[in-house]
Amino acid sequence: ANPEPGGIYLWTFLESLKNIHTPLIGFDVAEVTPEYDFGVTSILASKIIFELICSSETRRFNTACRKR
């Protein structure tokens with residue numbers, strides 16, 4: 001894995017996720033390298049996965065995920 005600077009902020013991603021109105025068929029989280037940043041990438045990846053699953057299920061069942 002090659003560390004890549006930049007990218008979008010988490011909150012920008014989460015806001016843009018609200019604007020997707022088509023069914024979610026699949027997703028992939030790539031370039032998670034905790035050895036470069038002491039695990040911060042893993043935490044962020046798990047948050048993104050959680051939000052994608054909640055977003056998909058919210059659209060599917062028309063109910064909100066319980067936030068922790």
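Areas here are Shrake-Rupley values with a 1.4 Å probe; for residues, only the protein chains shown count as cover. This is a predicted model: local features need pLDDT of at least 70, side-chain atom pairs count only at pLDDT 80 or more, and totals for chains, interfaces and linings use all residues. Residues are numbered from 1 along each chain as its sequence is written, and side-chain values use heavy atoms, with hydrogens and water left out.

Overall layout. From the N terminus, the order is α-α-α. Helices are DSSP runs of H or I, at least four residues; strands are runs of E, at least two; numbering starts at the N terminus.

Now burial. Of the 68 residues, 15% count as buried. Buried means under 20% relative accessible area, exposed means over 50%, and partly exposed is in between (1.4 Å probe, protein chains only).

Contacts next. Take those between residues at least 6 apart in sequence: 59% join residues at least 24 apart. A contact is heavy atoms within 4.5 Å.

Which residues are buried in helix 1? L10, L14 and L17, in a helix that spans residues 10-17. Down the axis of helix 1, the buried residues fall within an arc of 60°, so they line one face. That arc is taken from the directions from the helix axis to the C-beta atoms. An α-helix has 3.6 residues a turn, so residues three or four places apart point the same way.

On to charges. The count is two salt bridges. The rule: a side-chain nitrogen of Lys or Arg within 4 Å of a carboxyl oxygen of Asp or Glu. K18 pairs with E15 at 3.1 Å, N to O. K18 is exposed at 55%, while E15 is partly exposed at 46%.

K47 pairs with E51, with the closest N and O atoms 2.9 Å apart. Both lie in helix 3, four residues apart, about one turn. K47 is partly exposed at 29%. E51 is buried at 10%.

Last, the surface. L24, F27, V29, V32, I49 and I53 make a nonpolar patch of about 430 Å². Patch residues have over 30% relative accessible area and no salt bridge; like charges are joined within 9 Å, nonpolar side chains (Val, Leu, Ile, Met, Phe, Trp, Tyr) within 5 Å. I49 sits in helix 3, residues 40-61. I49 is partly exposed, at 32% relative accessible area.
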